[in-house]
Amino acid sequence: MSSKVATGIPGLDELVDGGLPSERVILIVGGPGTGKTILCGQFLYKGIYENQENGVFVSLDESRDHFFTEMKKFGWDFKKAEEDRKFAFIDATRMSRVAMLKEKLYKEESRSLRGKHLPVDRLIEDIQAKISALNAKRVVVDTLAALTHRFLEPVEKRNATVDLIESLADLGVISLVTTELGYLGLERHALEEEFLVHGVIMMQTLFSGATTTRAIQVEKMREAKVNPSLVPYSIGQNGIEIFPNMPLFGNK
Ligand SMILES: Nc1ncnc2c1ncn2[C@@H]1O[C@H](COP(=O)(O)OP(=O)(O)OP(=O)(O)O)[C@@H](O)[C@H]1O
Ligand SMILES: [Mg+2]
């Protein structure tokens with residue numbers, strides 16, 4: 001049994017039976033602009049300063065400067081955390097592009113070199129090195145969608161996804177991995193990666209007439225007694241706050 005990790009997101013621990021499971025991979029699924037990156041930044045920052053758990057942020061789509069600037073708006077100074085060797089930022093935006101090119105070449109040269117070995121192994125080695133260097137306990141990968149978008153063939157998307165999630169699960173730390181949800185509706189097909197991970201948290205924007213509400217739901221969390229309700233959350237100056245006891249379209 002893994003122990004509980006305090007998320008640093010007001011209201012979230014309450015939904016997941018006191019905290020997220022340590023040493024597991026949790027998927028954060030959401031549409032564009034739902035606050036996935038903010039939630040993950042908050043999780044790492046609070047981890048560092050409230051729980052003395054160092055963190056690693058792996059960016060597959062945004063530059064380091066962009067991340068630092070965005071997070072600073074909430075008062076989260078990751079530059080300082082990095083200088084104090086409590087935090088590391090891995091810019092994997094370029095690497096994943098190069099890896100894909102390399103894979104294409106290998107594929108043409110020799111089929112035996114396909115798949116597993118290429119993009120993800122290299123990234124995992126980098127993550128592992130940072131975890132050891134900082135004795136980090138929390139990892140974020142933002143966003144899986146940027147990695148899978150680079151592959152044209154479904155089988156290769158799947159290989160990269162499985163490789164990344166399985167490798168993260170072996171790291172001995174908790175990982176939050178974000179991914180995108182293209183379409184929203186009452187009925188939706190589960191994403192393939194949802195079956196591979198230990199837990200799934202879904203963030204979305206709901207529309208009711210002229211009103212929009214941000215809503216979050218713990219869709220799955222193995223071994224935990226979760227509150228599976230869809231509940232409202234807000235994004236404000238201090239980051240994300242979840243309101244587990246508030247009705248979705250109620251008066252605030
Ligand atoms: N101070 C703030 N107050 C209210 N909302 C804010 C504030 N700062 C950012 N936001 C909102 O946060 C959202 C962006 O958050 P974030 O970048 O984490 O989303 P995301 O899900 O990662 O998006 P993407 O899919 O583009 O990566 C935007 O909708 C923006 O309006
Ligand atoms: Mg984002």
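This is a predicted model: local features need pLDDT of at least 70, side-chain atom pairs count only at pLDDT 80 or more; totals for chains, interfaces and linings use all residues.
Which residue of E10 does Ala215 stand opposite? Ala215 stands opposite Pro232 in strand E10.

The chain contains 8 helices and 11 strands. It has 252 residues, and 49% of them count as buried. Consider the contacts between residues at least 6 apart in sequence: 69% of these join residues at least 24 apart.

E4 has strand partners. One is strand E5, residues 87-91, which pairs with E4 in the parallel sense over 5 bridges. Here Val56 stands opposite Ala88. Another partner is strand E6, residues 138-142, again parallel and again over 5 bridges. In this pairing Phe57 stands opposite Val140.

Val141 stands opposite Val177 in E7. E7 is mostly covered, with 6 of its 7 residues buried. E7 also pairs with E3, in the parallel sense, over 6 bridges. Val25 has Ser175 of E7 as its bridge partner.

Strand E3 spans residues 25-30, and Gly30 lies in it. Is Gly30 buried or exposed? Gly30 is buried, because its relative accessible area is 0%, and buried means under 20%. Leaving aside neighbours within four places in sequence, Gly30 is in contact with Lys36, Thr179, Glu180, Leu181 and Met203. Gly30 and Thr205 are 175 residues apart in sequence. In space, their C-alpha atoms are 8.8 Å apart.

Strand E8 holds residues 199-208 and strand E9 residues 211-221. They run antiparallel and are joined by 10 bridges. Ile201 has Val218 of E9 as its bridge partner. E8 and E9 form a hairpin with 2 residues between them. Gly209, in the turn, has a positive phi of about 60°. E9 also meets E10, residues 231-236, in an antiparallel pairing of 2 bridges. This is where Ala215 stands opposite Pro232.

Next come the nonpolar cores. In soluble globular proteins, nonpolar side chains tend to be buried together. The largest nonpolar core here has 37 residues. Which of its residues touch the most other members? They are Phe78, Phe87, Leu176, Ile201, Ile216 and Ile242. Helix H2, residues 36-51, gives the largest share of this core, 7 residues. A second, separate core has 33 residues, including Val29, Val141, Ala160 and Val200.

Phe78 shows what the contacts of one core residue look like. Not counting residues up to four places away in sequence, Phe78 touches Gly41, Leu44, Tyr45, Phe67, Phe68, Met71 and Phe87. Phe87 is itself among the core residues that touch the most other members.

The last stop is the largest pocket. About 300 Å³ of space lies in it. Its lining has 15 residues, and the closest to its centre are Thr148, Lys157, Thr161, Leu191 and Glu193. By class, the lining has 5 nonpolar, 5 polar and 5 charged residues. Helix H7 (144-148), helix H8 (154-169) and strand E7 (174-180) each supply at least two of the lining residues. Which element gives the largest share? H8 does, with 4 residues.

Why does Thr161 count as buried? Its relative accessible area is 6%, and buried means under 20%. Not counting residues up to four places away in sequence, Thr161 touches Leu144, Thr148, Glu193 and Leu196.

Conventions: Residues are numbered from 1 along each chain as its sequence is written. Chains are lettered from A and ligands numbered from 1 in the order in which they are written. Side-chain values use heavy atoms; hydrogens and water are left out. On a 1 Å grid over the protein atoms alone, a cavity is a set of points where a 1.4 Å probe fits but cannot get out, and a pocket is an open set with protein on both sides within 12 Å along at least five of seven lines; lining residues have an atom within 4 Å of a point. Grid points are joined across faces, edges and corners, and a volume is the space filled by probe spheres set on the points. Ala, Val, Leu, Ile, Met, Phe, Trp, Tyr, Cys and Pro count as nonpolar, Asp, Glu, Lys and Arg as charged, and the others, Gly among them, as polar. A nonpolar core is a set of buried Ala, Val, Leu, Ile, Met, Phe, Trp, Tyr and Cys residues joined through side-chain atoms within 4.5 Å. Buried means under 20% relative accessible area, exposed over 50%, partly exposed in between (1.4 Å probe, protein chains only). Contact means heavy atoms within 4.5 Å. Two strands pair if DSSP finds at least two bridges between them.
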